[in-house]
Amino acid sequence: MLRLDALEVSYGPVGAVSGLSLNVAPGEVVALVGANGAGKSSTLKAILGLVKARGLIQLDGEEMAGMPTHLRVASGLALSPEGRHVFPQMSVRENLELGTVKRTVGATKELLDEMMTIFPRLRERISQQAGSMSGGEQQMVAIARALMSRPKVLMLDEPTLGLAPLIVDQIGELVLTLKKRGLSILISEQNAEMALDVADRAYVLETGRIVKSGDSRVIKADPVVRSAYLGFEEETV
Ligand code: ATP
């Protein structure tokens, strides 16, 4: 569904992503794991065309490189950005409406109804200012807003950042619910525990390069990953 090959992102002389190749199959959840500054956000932004990149970016066989961001969204890519970036003065409904691509009244209402089914908590808060909600609720708004464009591939950048463990679990459950609905998901996380629990496969990124990839259970059991990204001390013999 999504294929990256030899992706390169630089900010002037600073290389952020080097020769990155990954793919996400239809209906698959894939985790991109790495420390602060490893290049996860740059990868997701490059996929959407928010930063300049070189290399192949294919969505469902269609080449995205060179296409403006709004057309990539119309083709089926959506991002819930790191830090959520909801519009704080706007209501939940208005935030969600901004995510639509086809802005007809009927299509928007249908999508809003669907979001209220997936996120029942947002139903009772639909008229509330997004900025007055908790971090977890704002994260739900950011994910729902991304879903309003009916993406083929949903990208989640650090969705658990700063959230309590109970909310992290809820986001994990949400990812599995979306997977059951057939969505392909690419989830970037520094705190990798939840991402590795819900993902089918994972890629580990270090200073812009993939250093490990494979079945997420195998990646989760890897001693280096456990020590670097899951907070376990490496056993010394
Ligand atoms: P984080 O979780 O902190 O966002 P990340 O893995 O998403 O980390 P990136 O934000 O993609 O990493 O950053 C990768 C590298 O690119 C880092 O060295 C970072 O300092 C650099 N970088 C990111 N954005 C810019 C920018 N706008 N200008 C210059 N350098 C940047």
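**View 1. Strand 4 and strand 5 in the predicted model, with Gln58 paired to Glu63.** The bridge partner of Gln58 in strand 5 is Glu63. Strand 4 and strand 5 are antiparallel and share 2 bridges; two strands count as paired if DSSP finds at least two bridges between them. Strands (E, at least two residues) and helices (H or I, at least four residues) are DSSP runs numbered from the N terminus. The two strands make a hairpin with 2 residues between them, and Asp60 in the turn has a positive phi of about 50 degrees. Residues are numbered from 1 along each chain as its sequence is written. In this predicted model, local features need pLDDT of at least 70 and side-chain atom pairs count only at pLDDT 80 or more, while totals for chains, interfaces and linings use all residues, and side-chain values use heavy atoms, with hydrogens and water left out.

View 2. Ser10 has Gly15 of strand 2 as its bridge partner, and Val9 stands opposite Val17 in strand 2. This hairpin has 2 residues between its strands, and Gly12 takes a positive phi near 60 degrees.

**View 3. The open sheet 2-1-4-5.** The sheet consists of 4 strands in the order 2-1-4-5, with antiparallel pairing. Strand 2 (14-24) and strand 5 (62-63) are at the edges with a single partner strand each, so one side of each has no neighbour in the sheet. Strand 1 pairs with strand 4 (residues 54-59) in the antiparallel sense over 5 bridges. Across this pairing, Glu8 has Arg54 of strand 4 as its bridge partner. Strands of a sheet pair through backbone hydrogen bonds, either parallel or antiparallel.

**View 4. Residues around the ligand.** The ligand is surrounded by 13 residues, where a residue is near a molecule if one of its heavy atoms lies within 4 Å of it. The closest are Asn36, Gly37, Lys40, Ser41 and Ser42. Helix 1 (residues 40-48) gives the largest share of this shell, 3 residues. By class, the shell has 4 nonpolar, 6 polar and 3 charged residues; Ala, Val, Leu, Ile, Met, Phe, Trp, Tyr, Cys and Pro count as nonpolar, Asp, Glu, Lys and Arg as charged, and the others, Gly among them, as polar.

**View 5. Side chains facing oxygen atoms of the ligand.** A polar side-chain atom of Asn36 is 2.3 Å from a ligand oxygen atom. For Glu82, a polar side-chain atom lies 2.9 Å from an oxygen atom of the ligand. In the side chain of Glu158, an N or O atom is 3.1 Å from an oxygen atom of the ligand. The protein covers 62% of the 620 Å² of accessible area that the ligand has on its own, by the Shrake-Rupley method with a 1.4 Å probe.

**View 6. Confidence along the chain.** The mean pLDDT (the predictor's confidence in each residue, from 0 to 100) of the chain is 93, and 97% of its residues reach 70 or more.

Definitions and conventions
A polar contact is a pair of N or O atoms within 3.5 Å; within protein, one must be able to donate a hydrogen and the other to accept it, and residues adjacent in sequence count only if both atoms are side-chain atoms.
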